[in-house]
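Trainee: I am new to this structure and would like to go through it with you. Could we begin with a term that will be needed along the way?

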Amino acid sequence: MKNGGKKLATLAALAMGTAAAIQAVNSFIDKNADTGLLSQEGSFTYNWRLCPVSYKKYGSGSPILLLHELSACSSSFEWSRIIAPMAEKHTVYVLDLPGCGLSEKPNITYTNFFFVELITDFIKTVISEPCDVIATGISASLAITSCNCDREQFKKLILVNPASPEQLGLIPGRRSRIRKGLLSVPVVGTLLFNMLISRDMLVREFKERLFFNEELVKQDYVDMYYESGHKGSGKGRYLMSSIIGHYVYFNITHALQSIDNDIVIVGGEHQEYIKETVEAYQRINPAIEATYVENTKHLPHLETPAEFLKLISVYINE
């Protein structure tokens, strides 16, 4: 018993030492991630009933709501290069979705309907009139589902490289629940998250998936995404765990068939499988239009903003 007690004490000491070392690494990463680029200047707080949400408002005219890609590193910065020209003719609202940027990052399981409630509440409470919506990637599904839930609050939907119906049909399974659980573990989950959200990883992400021309990737973009991901001492892992756990996905087939709003898909010319995705959407709703931004991938509005604005100006009324 005595030997057993000594072994347990040794293991406990090792565990405590390891946990302390991991916590020190996590704290170092948090401190060095704060570059000051993610500025609160000009930000408002929408005190939503489920969590505080950061947003900004620009210009005047017919309202447009911009919804960035749903990822732990994304934020309203995604739209930074098109806001000023859009605000010359429109009132532009940009959100940091919960779990992202300057908004609260609650320890919850994020679902499609969590974001749908936010979007519909925000339009009713803050915008206070029907608006056009431009949304990227997974967030396109949030816009579609929100429109189906409260159609009177929406005008046109512009979907930038939306997630495919096949991807949105994924449901939580044993493996995805394990991945979610690992990221949710205190200290160790934060370390895993920090390893996944490294600057090297973000550089590769920009050069291989987000941009077509890697020469257009600026260090500020990488730093901004890095800071956004790490803001909140690793709390971005709760959103990431819900994404890799397939909890944010939702089958949009019924919604696409039901709504009669004008829908336009804007694809990056070199976005992987974008033509197949557009065809899948049009099979569900043949009225959907599509256009492509040359020499771009996932973020055409950040990579070639002038070309993006030129294309969408055909569809957005003044």
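Predicted model: local features only at pLDDT ≥ 70, side-chain atom pairs only at ≥ 80, totals over all residues.

Trainee: Among contacts between residues at least 6 apart in sequence, what share joins residues at least 24 apart?
Mentor: That share is 79% in this protein.

Trainee: And how many helices and strands are there?
Mentor: The protein has 14 helices, together with eight strands.

Trainee: What percentage of the residues is buried?
Mentor: Of the 318 residues in the protein, 53% are buried. As for the surface, the accessible area comes to about 14900 Å², and carbon and sulfur atoms account for 53% of that surface.

Trainee: Let us go inside, then. How many residues does the largest nonpolar core have?
Mentor: The largest nonpolar core has 50 residues. Among those with the most contacts inside this core are Leu65, Leu97, Ile144 and Tyr281.

Trainee: Which helix gives the most to this core?
Mentor: Helix 3, covering residues 112–127, gives the most, with seven residues.

Trainee: What does isoleucine 144 touch, leaving aside residues up to four places away in sequence?
Mentor: With those left aside, isoleucine 144 touches Leu157, Leu159, Ile252, Ala255, Leu256, Ile259 and Tyr281. There is also a second, separate core of 21 residues, and Phe77, Leu202, Val222 and Met224 are included in that one.

Trainee: New topic: where is aspartate 150?
Mentor: Aspartate 150 is in the loop between helix 4 (138–149) and strand 6 (154–160).

Trainee: Is aspartate 150 buried or exposed?
Mentor: Aspartate 150 has a relative accessible area of 15%, so it counts as buried, the cut-off being under 20%. Not counting residues up to four places away in sequence, aspartate 150 touches Thr120 and Lys124.

Trainee: How many disulfides does a search of the whole structure find?
Mentor: The search finds zero disulfides.

Notes:
Residues numbered from 1 in each chain as written. Heavy atoms only, no water. Helix = DSSP H or I, 4+ residues; strand = E, 2+ residues; numbered from the N terminus. Buried < 20%, exposed > 50% of the residue type's maximum accessible area, 1.4 Å probe, protein only. Contact = heavy atoms within 4.5 Å. Core = buried A, V, L, I, M, F, W, Y, C linked by side-chain atoms within 4.5 Å. Areas by Shrake-Rupley, 256 points an atom, 1.4 Å probe, with all protein chains shown as cover. Disulfide = S-S within 2.5 Å.
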